[in-house]
Amino acid sequence: MSQFSNAGADQELRERRARSFGAEAATYDEHRPDYPAAGVRWALEPVAGDKVRVLDLAAGTGKLTGVVLAAGAQVTAVEPDDGMRAVLAERFPEVTALAGTAESIPLPTDSVDAVLVGQALHWFDLPRAFPEIARVLRPGGVLAAFWNEPDLSVEWVAGLEQVSRSNASFPSAKQSGELPSHPLFTPFETATFPHSHRRTVESLTATIGTHSHTLVIPPDDRTVLLDHISTYLHSRPETADGPFEMPLRTMVIRAVVTPLP
């Protein structure tokens, strides 16, 4: 089953994971990484120019918003969770932050040049979201989605990935190897960018604690899992002594809305 689909026997688990972030909004904002500027530039290449209008969809606390602003774009954020949206509004008071979802975007037709999605496209009901995203994009506009993933080519990171799994884990969209598609959009292109996140044992453990598969498991199981992660990181020479860089790979996919016949 495609990890971009919400269908299947794990529907209830997916819904619980998708709703799990709001109660931890401040912790999420403190411990989640941002996105590489090079990835944002690549995503916006099809609409590059002055005053590009960007919708950060499912914007969370604004981890992608800040990078898009730094690229010189005008940003509107749409986020369904009140707690996440409140953190974003506090961080970026210059950004209009609206309540809404990918399936019901509170913006006019043809109102933005690009829709960017950070770490969230896999939560969307894509048969409903694709037409709504296409509606708000101007002709020739671009849809791009981002995922930060651990760089599993690094031996200690691959070991951490094994230690970090819970019984609520399932493969990421990147790991599935499948890309979404829709007749309203050109086929998706893919690019991957190196990235990193400055961490300590404690802060990286906290980062993994903001992942949805750790938020939805019982509290006792969560405590045991985070203890295992901390023990592993303390055991590794790469991470045991002071701050270190957590190696990441950021996958970006982009497609352009197709013209109406």
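What follows is a short tour of a helix and its surroundings, a helix pair and some aromatic rings. Keep in mind that this is a predicted model.

- H3 covers residues 37–44, and its buried residues are Gly39, Val40, Trp42, Ala43 and Leu44.

**Helices H7 and H11**
- The axes of H7 (residues 155–164) and H11 (residues 219–235) come within 9 Å of each other and cross at roughly 160°.
- Because of that angle, H7 counts as roughly antiparallel to H11.
- The crossing of H7 past H11 is right-handed.
- On the H7 side, the contact uses Glu155, Trp156, Gly159, Leu160, Val163 and Ser164, while H11 brings in Leu225, His228, Ile229, Tyr232 and Leu233.
- Sorted by type, the residues of this contact come out as seven nonpolar, three polar and one charged.

**Aromatic rings**
- You'll find five aromatic pairs in the structure.
- One of them joins Phe130 and Phe185: their ring centres are 5.4 Å apart and their planes sit at 50°, so this pair is tilted.
- Phe130 is in helix H6 (residues 126–136) and Phe185 is in the loop between helix H8 (173–176) and S6, so the pair ties together parts that are 55 residues apart in sequence.
- Phe130 and Phe185 are both buried.
- Together with Phe188, Phe130 and Phe185 make up one aromatic cluster.

Notes
Residues numbered from 1 in each chain as written. Predicted model: local features only at pLDDT ≥ 70, side-chain atom pairs only at ≥ 80, totals over all residues. Heavy atoms only, no water. Buried < 20%, exposed > 50% of the residue type's maximum accessible area, 1.4 Å probe, protein only. Helix = DSSP H or I, 4+ residues; strand = E, 2+ residues; numbered from the N terminus. Axes fitted to C-alpha atoms, helices over the stretch in contact; angles between N-to-C directions. Parallel < 35°, antiparallel > 145°, perpendicular 65-115°, else oblique. Left-handed = near helix turned anticlockwise from the far one by under 90°. Contact = heavy atoms within 4.5 Å. Nonpolar A, V, L, I, M, F, W, Y, C, P; charged D, E, K, R; others polar. Phe/Tyr/Trp six-rings, centres within 6.5 Å; stacked < 30°, edge-to-face > 60°.
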